[in-house]
Amino acid sequence: MKVFLLFGLVALALAEVRRFEGEKVLRLKPVMDEHVVLIRELAASIEFDFWSPDSAEMVTIDIDVDIHVPAAYLDLVSTMLQQSDMETEVLIEDLQVSIDAQTGPTSRTHSHSYTNYNSWDEVQSWIAAISTSNSALISKQSIGSTYEGRPMTLLKLGKKSNVTKPAIFMDCGIHAREWISPAFCQWFVKEALSTYGSDSQMTSLLDQMDVYVLPVFNIDGYDYTHKSNRFWRKTRSRTSGTICRGTDPNRNFNASWCTTGSSRHPCSEVFCGSKVESEVEVRNVADFLRRNKADIKAYLTIHSYSQLVLFPYSYTYDLAADHSELLKVAEGASSALRSLYGTGYTSGPGAPTIYPAAGGSDDYAYDIGVKYSFTFELRDTGRYGFLLPASQIKPTCMETMLAIKYIAAHVQENLY
């Protein structure tokens, strides 16, 4: 009886939702080597959660460094930062207050909400419903299961045809805590279906091409952010020899794997995995891309935050063979996005525009022959970070649709 009680208490503890009262997000502005050293030393001795860049190793002079600091270390960190004379700004005063504002009571109806952040269970129900809503334009297929056994269902949008059409592949939610990303994939599917026949560009796109949409890539991690730890980033896999769980799926692709901007330490937020495609989720997507690479003409992956449109390469500073065209398309997409609300986006190749990082999905897609490969980092630039309010879902999705449609139109006109 005592044994069962013990297991019950352990299970309850593991299931508890982590709270973040009094914890802050700080923005540091290192302008000297000494500042960079201090940040890295603090990270080595204190459990920081890096929001931007992804790890201490990526910190350099003259970039903004956003860190989530546990309440227990705030006094120590504040003292050391003051002594260093490094410019510091408080982005989020109390994380739990911001979490509650994002996930608190919202107006729900019996229909699926596109202006709230949906749980995985809600997304899964939506996938089942939407895939049967218009059989002439949408179908679904499984590309495998996640580490914890959840189905990875791919939605295929496009007018039915007897011949194989060129396609665009889009995924959302590679990193679990980036909730605005899956919200956009849901929005895109809704808009594509509801505007077909009335919007000439969308009608043309779905007549001539297929669009594959993976609504949530890292399903296990996403579910965990809703039920246990809002700021979980990685997958939920286990690696032998460590108690630390998960791999960064965007460091696990076969694109100069584990050479820069990643770590071989399983506890790191940018752990590259035990081997290339060690993560079943990554392998499922990579297998699909490999099988269909002759037909897939564009790969779009949606992340947050930073307001960027990126393209290869991230694993090297060398320019991609199609650099000039990709830059022109990225800048055009950014301009289209900005036209709605004036939201500013920066465009460029990953390594110089944000930071070097190997093993990314966009670089992998490009290297296997998908020329139009882009990564979006959606709103915002740090005021809310991963806690973008639900009130910003609609405007974020509306402006992003303009950018996606711009890229899609270019791809349609420049099939290869």
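Trainee: Which residues lie nearest the centre of the largest pocket?

Mentor: In this predicted model, about 1000 Å³ of space lies in the largest pocket. Helix H1 (2-15), helix H2 (33-45) and strand S2 (49-52) are the elements that give two or more residues to its lining. That lining holds 35 residues, and those nearest the centre are Glu47, Phe48, Cys267, Ser268 and Glu269.

Trainee: How do the residues of that lining divide into nonpolar, polar and charged?

Mentor: The largest pocket is lined by 35 residues, with Phe48 and Glu269 among those nearest its centre. Sorted by class, the lining of the largest pocket comes to 18 nonpolar, 7 polar and 10 charged.

Trainee: Which residues lie nearest the centre of the second largest pocket?

Mentor: The second largest pocket has a volume of about 340 Å³, and its lining is made of 6 nonpolar, 4 polar and 3 charged residues. Of the 13 residues that line this pocket, the ones nearest its centre are Ser52, Ile63, Asp64, Ser306 and Ile354.

Trainee: Is the link of cysteine 258 and cysteine 272 right-handed or left-handed?

Mentor: The sulfur atoms of cysteine 258 and cysteine 272 are joined at 2.0 Å, and both residues are buried. The angle about the S-S bond is -65°, and the link is left-handed.

Trainee: Which elements hold cysteine 172 and cysteine 185?

Mentor: Cysteine 172 and cysteine 185 form a disulfide with their sulfur atoms 2.2 Å apart, and the link is right-handed at 85° about the S-S bond. The pair ties together parts that are 13 residues apart in sequence, because cysteine 172 lies in strand S7 (residues 167-172) and cysteine 185 in helix H6 (residues 180-195).

Trainee: What is the pairing when the bonded cysteines are numbered in sequence order?

Mentor: The structure holds 3 disulfides, one of them formed by cysteine 172 and cysteine 185. Numbering the bonded cysteines along the chain gives the pairing 1-2, 3-5, 4-6.

Trainee: Is cysteine 397 buried or exposed?

Mentor: Cysteine 397 takes part in no disulfide, and the nearest cysteine sulfur, which belongs to cysteine 172, is 8.8 Å away. A residue counts as buried under 20% relative accessible area, and with a value of 0% cysteine 397 is buried.

Trainee: Which element gives the most residues to the largest nonpolar core?

Mentor: The largest nonpolar core has 83 residues, of which Leu157, Phe169, Phe188 and Phe374 touch the most other members. The element that gives the most to this core, with 9 residues, is H6.

Trainee: Which residues does a second, separate core include?

Mentor: In the largest core, Leu157 is one of the residues that touch the most other members, and its contacts include Phe188, Val189 and Ala192. The second core is separate, holds 19 residues and includes Leu38, Ile39, Ile67 and Met86.

Notes
Residues are numbered from 1 along each chain as its sequence is written. This is a predicted model: local features need pLDDT of at least 70, side-chain atom pairs count only at pLDDT 80 or more; totals for chains, interfaces and linings use all residues. Side-chain values use heavy atoms; hydrogens and water are left out. A disulfide is a pair of cysteine sulfur atoms within 2.5 Å. Helices (H or I, at least four residues) and strands (E, at least two) are DSSP runs, numbered from the N terminus. Buried means under 20% relative accessible area, exposed over 50%, partly exposed in between (1.4 Å probe, protein chains only). A nonpolar core is a set of buried Ala, Val, Leu, Ile, Met, Phe, Trp, Tyr and Cys residues joined through side-chain atoms within 4.5 Å. Contact means heavy atoms within 4.5 Å. On a 1 Å grid over the protein atoms alone, a cavity is a set of points where a 1.4 Å probe fits but cannot get out, and a pocket is an open set with protein on both sides within 12 Å along at least five of seven lines; lining residues have an atom within 4 Å of a point. Grid points are joined across faces, edges and corners, and a volume is the space filled by probe spheres set on the points. Ala, Val, Leu, Ile, Met, Phe, Trp, Tyr, Cys and Pro count as nonpolar, Asp, Glu, Lys and Arg as charged, and the others, Gly among them, as polar. Lists of a residue's contacts leave out its neighbours within four places in sequence.
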